[in-house]
Amino acid sequence: MSSELPDSAVSPPTGAGESPSGPSRRTVIATGVAVGGVVVAGGTFLAGAEEATATGAAPSSRVSLTVNGTRRTVTVDNRTSLLDLLREHLDLTGSKKGCNAGACGACTVLVDGQRINSCLTLAVRLEGAEVTTIEGLAKGDRLHPLQQAFVDEDAFQCGYCTPGQIMSGVGCIQEGHTSSPEEIREYMSGNVCRCGCYVKIVRAVEQTATRK
């Protein structure tokens, strides 16, 4: 059986002096690349426009809360965390941004007497709340007893985690979780110290709770 194609299925060769009647392969490829580039560029432009529109339309709200005894009213993006409200809008930079994911405790503050991770808390949810930060513990030049205990026990090294440690320690004492060093360690376990000052931190909390 012959494997040759019938004459009608074979394209006639193009003569040396003749030009092909249809577009060449090179023309087709070049056209495709050009059109594809326009589509991609157009898609990028549209995506950028949509993103810009979404960013420009981010809703904001006014929130009023008492911070360290002073009533403060601020207009913020609804996505603003309490930590960013304190640091970027109220210039209270004592609360530190460590992991920004609630894992290190460096941003710990008290809200209505309860310790929280301010990086995980939306500011707009705290309308009317009372917030205490590390800046609000001392009474003028007189340190809070736990602040003084940290000095006395040398319970810090680099100091980055210290504001969160102290605020968490104050909450721990107020909650009554200071019956033993083991209990203090358990209830302070959400605060990480990269310098490893845990023994002295526990001692400072225990000392303050005993004198309370």
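Modeller: Let us begin with residue classes: Ala, Val, Leu, Ile, Met, Phe, Trp, Tyr, Cys and Pro count as nonpolar, Asp, Glu, Lys and Arg as charged, and the others, Gly among them, as polar. This is a predicted model, in which local features need pLDDT of at least 70 and side-chain atom pairs pLDDT 80 or more, whereas totals for chains, interfaces and linings use all residues. Residues are numbered from 1 along each chain as its sequence is written, and side-chain values use heavy atoms, leaving out hydrogens and water.

Colleague: How do the residues that line the largest cavity divide by class?

Modeller: Five are nonpolar, four polar and two charged. The lining includes Leu83, Cys99 and Cys119, which count as nonpolar because Leu and Cys are in that class. Lys96 and Lys97 also line the cavity, and they count as charged because Lys belongs to that class.

Colleague: What makes this space a cavity?

Modeller: On a 1 Å grid over the protein atoms alone, a cavity is a set of points where a 1.4 Å probe fits but cannot get out, and lining residues have an atom within 4 Å of a point. The search of the whole structure finds one cavity of 30 Å³ or more.

Colleague: Why are Leu82, Leu83, Asp84, Leu85 and Leu86 of helix 2 called buried?

Modeller: Buried means under 20% relative accessible area, with a 1.4 Å probe and protein chains only, so these five names in helix 2 (residues 82-89) fall under that limit. They pack against strand 1 (60-67), strand 2 (70-77), strand 3 (108-111), strand 4 (114-117) and strand 5 (130-132). Helices (H or I, at least four residues) and strands (E, at least two) are DSSP runs, numbered from the N terminus.

Colleague: What makes a group of residues a nonpolar core?

Modeller: Such a core is a set of buried Ala, Val, Leu, Ile, Met, Phe, Trp, Tyr and Cys residues joined through side-chain atoms within 4.5 Å. The largest has 22 residues, and Leu146, Phe150, Ile166 and Ile201 have the most contacts inside it. Helix 3 (145-152), helix 4 (162-175) and helix 6 (198-211) each give two or more residues to this core. Apart from it lies another core, of 16 residues, among them Val74, Val111, Ala123 and Leu126.

How values were computed. On a 1 Å grid over the protein atoms alone, a cavity is a set of points where a 1.4 Å probe fits but cannot get out, and a pocket is an open set with protein on both sides within 12 Å along at least five of seven lines; lining residues have an atom within 4 Å of a point. Grid points are joined across faces, edges and corners, and a volume is the space filled by probe spheres set on the points. Buried means under 20% relative accessible area, exposed over 50%, partly exposed in between (1.4 Å probe, protein chains only). Contact means heavy atoms within 4.5 Å.
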